[in-house]
Amino acid sequence: MQILQVEGSLTCTYRIEGMKYSTFRVVRDELGKRMVATDPVGAREGNWVFVVSGSAARYAAGDFEILTDLTIGGIIDYWPDTE
């Protein structure tokens, strides 16, 4: 799992059937690398989230038939500063 920040939504007018009606979010890591994740939890722009990757992402999406390799697993409300 990774902790990433939601940068915004991604709208796809056309998609393959395996994506069903997934909601997509653009997320970025601490270096600014952007990725797209399915979002079954309703994250908003600016939220810090943890993501699940690989085959576990399909389970986290709530439907194993959704073709994804990155899914938002939860919205982080708080974590202590460890620095």
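## Basis of the report

Residues are numbered from 1 along each chain as its sequence is written, and side-chain values use heavy atoms, with hydrogens and water left out. Because the model is predicted, local features need pLDDT of at least 70 and side-chain atom pairs count only at pLDDT 80 or more, while totals for chains, interfaces and linings use all residues.

## Salt bridges and a network

The count comes to five salt bridges, a salt bridge being a side-chain nitrogen of Lys or Arg within 4 Å of a carboxyl oxygen of Asp or Glu. One of them joins the side chains of Glu 7 and Arg 34, at 2.4 Å from N to O. Glu 7 lies in strand β1 (residues 2-10) and Arg 34 in strand β3 (residues 34-38), so this pair ties together parts that are 27 residues apart in sequence; strands here are DSSP runs (E, at least two residues), numbered from the N terminus.

Glu 7, Arg 28 and Arg 34 are linked in a network of salt bridges. Glu 7 is partly exposed, with a relative accessible area of 23%, whereas Arg 34 counts as exposed at 59% (buried means under 20% relative accessible area, exposed over 50%, partly exposed in between, with a 1.4 Å probe and protein chains only).

## A buried pair

The side chains of Arg 25 and Asp 39 also meet in a salt bridge, at 2.9 Å from N to O. This pair links distant parts of the chain, with Arg 25 in strand β2 and Asp 39 in the loop between β3 and β4 (48-53), 14 residues apart. Arg 25 counts as buried at 13% relative accessibility, and Asp 39 counts as buried at 7%.

Key. Helices (H or I, at least four residues) and strands (E, at least two) are DSSP runs, numbered from the N terminus.
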